[in-house]
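The report below describes a protein chain through its helices, its contacts and a few individual residues. It is meant to be read alongside the sequence and the coordinates.

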Amino acid sequence: PMTPSKHSPPSSGASTALALGAIVLWGSLAPLGVLLQHLPPFLLTGLGLLVGSLIAVPLSGGKLAALRVPLRTLALGVYGLFGFHFLLFIALRHAPPVQANLVNYLWPLGIVLMAPLFLPGMRLRLLHVGAAMLGFAGAALAILGASSGAGTGSAWAGGFAWGYIPALASAFVWASYSLLTQRVPPFSSAAIGLFGLVSGLLSLACHVLLEPSITLSPRDWGLVAAMGLGPLGAAFYLWDAALKRGDARAIGVLSFLTPLLSTLALLWVRGEWPSPSVAVAAAMIIGAAVLGSRAKSI
């Protein structure tokens, strides 16, 4: 399932729906993370990815052949899933989280701007660039507006932190992974489960080496399962299927909805109303998505 030919014409409607599904699930990651913030991050990520890898069982129809990929494809999957989270967690430990989060959300911009570099025959139009810049400005406004409303705007006071470097690297990893999946031999989206399995085991190894041990409560396990089945599971399969079917540039612009939805979900968990800046950010991001969807391939 979900393995269209590499030469099939893109289906913008299907790819948009699949990408939106992934984006909505990723929007739930922050509030779930807040509810589980007492758990060490590598433990949480490792358990979540292992739970998410189980989705591959029904997706593959129980056939192991659907999970088999060349070694370089597996390496690319681990590079994306594990590399992204590993660098992001380092960034969050060594840079103010608001700034680190914003730098990390350069990845949709990276997808749009790097598409011609990674995908032969794909060109970048001015409309793509304009939509990407508008989307990133909206994402920045959403994050900054929410943080200042929560009284953490002062987090922007201060100089350069070296943690911004891994934050930027994590953005590059996810953008390049998303594009490079279209350069390797075609594989079933069920193989994402194998990527998650290996990445989850590596995350748990990091937990053992770098973090204190902890006992999870039944509520913790329930929330971990929700995270694993959603933003650390199904979202990755939907994302892969979307990229197989659509224009990476348009999907990249659409991805700027992720920080907006994440911010709105966090405000909802806190019982707070969105600030006017978040409303403006929503308009900017939706406008960017509309512009990006109208930028046809050349």
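A crossing of two helices is called left-handed if the near helix is turned anticlockwise from the far one by less than a right angle, and right-handed if clockwise. Helices (H or I, at least four residues) and strands (E, at least two) are taken as DSSP runs and numbered from the N terminus. By this convention, the crossing of helix 3 and helix 11 is right-handed.

The model is predicted, so local features need pLDDT of at least 70 and side-chain atom pairs count only at pLDDT 80 or more, while totals for chains, interfaces and linings use all residues. Residues are numbered from 1 along each chain as its sequence is written, and side-chain values use heavy atoms, with hydrogens and water left out.

**Overall architecture and confidence**

The secondary structure of the protein chain amounts to 14 helices and zero strands. Of its 298 residues, 51% count as buried, where buried means under 20% relative accessible area, exposed means over 50%, and partly exposed lies in between (1.4 Å probe, protein chains only). Contact means heavy atoms within 4.5 Å; among the contacts in the protein chain with a separation of 6 or more, 90% are between residues 24 or more positions apart.

The predictor's confidence in each residue is given as pLDDT, on a scale from 0 to 100. Its mean over the protein chain is 81, and 86% of the residues reach 70 or more. Among the elements of the chain, helix 10 has the highest mean pLDDT (94), whereas helix 8 (residues 126–149) has the lowest (72). Over residues 1–10 the pLDDT is below 50, and this stretch has 20 contacts in the model beyond near neighbours in sequence. Residues 150–157 also stay under 50, and the model has 12 contacts for them beyond four places in sequence.

**The packing of helix 3 against helix 11**

Helix 3 (residues 41–53) packs on helix 11 (residues 218–245) at an angle of about 65°, with the axes 7 Å apart; here the axes are lines fitted to C-alpha atoms, for helices over the stretch in contact, and angles run from 0 to 180 degrees between N-to-C directions. The helix 3 side of the contact includes Leu 44, Leu 47, Gly 48 and Val 51, and the residues of helix 11 that take part include Trp 221, Val 224, Gly 228, Leu 232 and Phe 236. The residues of this contact divide into 12 nonpolar, six polar and no charged, with Ala, Val, Leu, Ile, Met, Phe, Trp, Tyr, Cys and Pro counted as nonpolar, Asp, Glu, Lys and Arg as charged, and the others, Gly among them, as polar.

**Salt bridges**

A salt bridge is defined as a side-chain nitrogen of Lys or Arg within 4 Å of a carboxyl oxygen of Asp or Glu, and by this rule the count comes to two.

| Salt bridge | N to O distance |
|---|---|
| Arg 93 and Glu 211 | 3.2 Å |
| Asp 240 and Lys 244 | 2.4 Å |

The pair of Arg 93 and Glu 211 links distant parts of the chain, with Arg 93 in helix 5 (residues 71–94) and Glu 211, 118 residues apart from it, in the loop between helix 10 (192–210) and helix 11. Arg 93 is partly exposed, with a relative accessible area of 46%, whereas Glu 211 is buried at 10%. Asp 240 and Lys 244 are four residues apart in helix 11, and therefore separated by about one helical turn. Asp 240 is buried, with a relative accessible area of 2%, while Lys 244, at 22%, counts as partly exposed.

**Individual buried residues**

Leu 43 lies in helix 3 and is buried at 8% relative accessibility.

Phe 195, in helix 10, is buried with a relative accessible area of 1%. Beyond residues up to four places away in sequence, Phe 195 touches several residues, including Val 69, Thr 73, Gly 77, Leu 81, Tyr 177 and Phe 187.

Ser 15 has its place in helix 1 (residues 12–27) and counts as buried at 4% relative accessibility. Leaving out residues up to four places away in sequence, Ser 15 touches Ala 242, Arg 245, Gly 246 and Ile 251.
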